[in-house]
Amino acid sequence: MKLSDNTSISLPARNLLAILAAVAIGTMSYFTIIERLNSIESDIRLMHKDLDAANAFIDGVPKGDMVSPQVQELYMLVEYLSSNVEKLKEQMEAEIPMILKNDMVIQFHEERLIDLEERKNGSH
């Protein structure tokens with residue numbers, strides 16, 4: 001069999017349309033799959049980039065290498081509040097003996113008042 005540009009092929013139209021439809025569907029499916037793979041690959045690259053940035057942030061925070069002024073301000077506020085808490089704790093620890101002493105004095109005076117009232121009511 002010799003093939004040339006003048007060779008005629010007899011093929012039913014139904015088969016020709018089925019072949020063309022199969023080729024069109026196959027081509028559309030191929031390009032849809034390729035587009036979806038490219039989309040997924042782009043998403044993965046962006047996630048890796050975000051993950052690397054997050055890891056750099058996490059690694060930099062304990063070292064104090066972060067450039068962000070907000071993070072530095074937060075550290076300063078934490079240090080300030082920590083020093084204030086320590087001062088308040090020391091002040092409370094210093095005042096606890098005085099509070100206990102005052103409680104004892106109040107209790108003593110209450111007992112004395114009760115005794116005086118009993119004596120006053122008992123003598124009348």
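**Reading the features**

Tutor: Let's start with leucine 16, which is located in helix H1; helices (H or I, at least four residues) and strands (E, at least two) are DSSP runs, numbered from the N terminus. Before going on, note that this is a predicted model, where local features need pLDDT of at least 70 and side-chain atom pairs count only at pLDDT 80 or more, while totals for chains, interfaces and linings use all residues. Residues are numbered from 1 along each chain as its sequence is written, and side-chain values use heavy atoms, with hydrogens and water left out.

Student: Is leucine 16 buried, partly exposed or exposed, and what is its relative accessibility?

Tutor: Buried means under 20% relative accessible area, exposed over 50%, and partly exposed in between (1.4 Å probe, protein chains only). Leucine 16 has 42% relative accessibility and so counts as partly exposed.

Student: Which residues form the nonpolar patch on the surface?

Tutor: Patches take residues with over 30% relative accessible area and no salt bridge, joining like charges within 9 Å and nonpolar side chains (Val, Leu, Ile, Met, Phe, Trp, Tyr) within 5 Å. Here the patch consists of Ile9, Leu11, Leu16, Leu17, Ile19, Leu20 and Val23, and together they have about 710 Å² of accessible area (Shrake-Rupley method with a 1.4 Å probe; for residues, only the protein chains shown count as cover).

Student: Which side chains meet in a salt bridge?

Tutor: The rule asks for a side-chain nitrogen of Lys or Arg within 4 Å of a carboxyl oxygen of Asp or Glu. The count is one salt bridge, and arginine 45 and glutamate 41 are the partners, at 2.9 Å from N to O. They are four residues apart in helix H1 (residues 13-63), so about one helical turn separates them. Arginine 45 is exposed at 57% relative accessibility, whereas glutamate 41 is partly exposed at 37%.

Student: How is a pair of aromatic rings described?

Tutor: By the distance of the centres and the angle of the planes. Rings of Phe, Tyr and Trp (its six-membered ring) pair if their centres lie within 6.5 Å; planes under 30 degrees apart are stacked, over 60 edge-to-face, and the rest tilted. This model has one aromatic pair. Tyrosine 30 and phenylalanine 31 make an edge-to-face pair, with 5.2 Å centre to centre and 75 degrees between the planes. Phenylalanine 31 is exposed, at 52% relative accessibility.
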